[in-house]
Amino acid sequence: MPKLHVRKGDTVKVLSGKDAGATGEVLRALPQQGRVVVKGVAIVKKSVRPSQNNPRGGIIQKEAPIAAARVQLICPECKKPTRVNHKVTEAGKKVRVCKKCGHEF
Ligand SMILES: [Zn+2]
C-alpha cells in the first residue's frame with residue numbers, strides 16, 4: 001500500500017498552488033490517491049441537491065483533496081516545516097523524528 005509522508009491530524013504547509021503558504025490540519029489522508037484534505041485549503045463550492053440532511057440543498061463549501069506532494073509537514077514541536085526520520089522505539093512503536101529538533105511524534 002502506498003504511504004504518505006503525512007497523516008490525519010498533522011499540521012502541514014502548502015507549498016504550491018493558489019493556497020501556497022497556507023497551513024492547516026490534515027483532515028483526511030488518501031494514500032491510494034496520493035492526496036490529502038487540508039482544513040481551510042483548496043475550498044471549493046459545491047452545489048448540493050436537497051437531501052434528508054440538508055432539506056434545502058444549496059451551495060456548500062468544502063475542502064478538495066490536493067496532491068500530498070504539495071504539502072510539507074510542520075513539526076509540532078519546533079513549528080517549522082521539516083522532514084522526518086522514521087524510527088521504531090524499544091516498545092515497537094513507529095515514530096517519526098523531526099530532522100530539525102529531534103522531537104519524536
Ligand atoms: Zn521539530
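Reader: What makes Lys79 count as exposed or buried?
Author: Lys79 has a relative accessible area of 61%. Exposed means over 50%, buried means under 20%, and partly exposed lies in between (1.4 Å probe, protein chains only). Therefore Lys79 is exposed.

Reader: What kind of model is this, and how are residues numbered?
Author: This is a predicted model, in which local features need pLDDT of at least 70 and side-chain atom pairs count only at pLDDT 80 or more, while totals for chains, interfaces and linings use all residues. Residues are numbered from 1 along each chain as its sequence is written, and side-chain values use heavy atoms, with hydrogens and water left out.

Reader: Where is Lys79 placed?
Author: Lys79 sits in the loop between strand 7 and strand 8. Strands here are DSSP runs (E, at least two residues), numbered from the N terminus; helices are runs of H or I, at least four residues. Phi of Lys79 is near 60 degrees, a positive value in a residue other than glycine.

Reader: Which atoms coordinate the zinc ion?
Author: The SG atoms of Cys75, Cys78, Cys98 and Cys101 do, at 2.3 Å. Donors are N, O and S atoms within 2.8 Å of the metal (3.2 Å for Na, K and Ca); water is not among the atoms, so sites may look incomplete. Along the chain, the donors follow the spacing C-x2-C-x19-C-x2-C.

Reader: Why is the site of the zinc ion called tetrahedral?
Author: The angles among its four donor atoms are 104 to 114 degrees. Four donors count as tetrahedral if all angles lie between 85 and 135 degrees.

Reader: How do you know whether Cys98 and Cys101 are buried or partly exposed?
Author: Cys98 has 2% relative accessibility, so Cys98 counts as buried. Cys101 has a relative accessible area of 38%, so Cys101 is partly exposed.

Reader: What makes a set of residues a nonpolar core?
Author: A nonpolar core is a set of buried Ala, Val, Leu, Ile, Met, Phe, Trp, Tyr and Cys residues joined through side-chain atoms within 4.5 Å. The largest one here has 14 residues, and Val6, Val12, Val36, Val38, Val41, Ile66 and Val71 touch the most other members. Strand 1 (11-14), strand 3 (35-38) and strand 7 (71-74) each give two or more residues to this core.

Reader: Which residues does Val41 touch?
Author: Not counting residues up to four places away in sequence, Val41 touches Val14, Asp19, Ala22, Glu63, Ala64 and Ile66. Contact means heavy atoms within 4.5 Å.

Reader: What about Gln72, buried or partly exposed?
Author: Gln72 has a relative accessible area of 22%, so Gln72 is partly exposed. Gln72 is also in strand 7. Gln72 and Val12 are 60 residues apart in sequence and 5.3 Å apart in space, C-alpha to C-alpha.

Reader: How do you know whether Arg96 and Asp10 are buried or exposed?
Author: Arg96 has a relative accessible area of 4%, so Arg96 is buried. Asp10 has 7%, so Asp10 is buried. Arg96 is found in strand 9, whereas Asp10 is in the segment before strand 1. Asp10 touches Arg96, and also Gly24, Glu25, Val26 and Leu73, not counting residues up to four places away in sequence.

Reader: Which residues are closest to the centre of the largest pocket?
Author: Of its 13 lining residues, they are Lys3, Leu4, Arg7, His86 and Arg96. Strand 8 (84-88) and strand 9 (94-98) each give two or more residues to the lining.

How values were computed. Four donors count as tetrahedral if all angles lie between 85 and 135 degrees; four count as square planar and six as octahedral if opposite donors are over 155 degrees apart and all others between 65 and 115; anything else is irregular. On a 1 Å grid over the protein atoms alone, a cavity is a set of points where a 1.4 Å probe fits but cannot get out, and a pocket is an open set with protein on both sides within 12 Å along at least five of seven lines; lining residues have an atom within 4 Å of a point.
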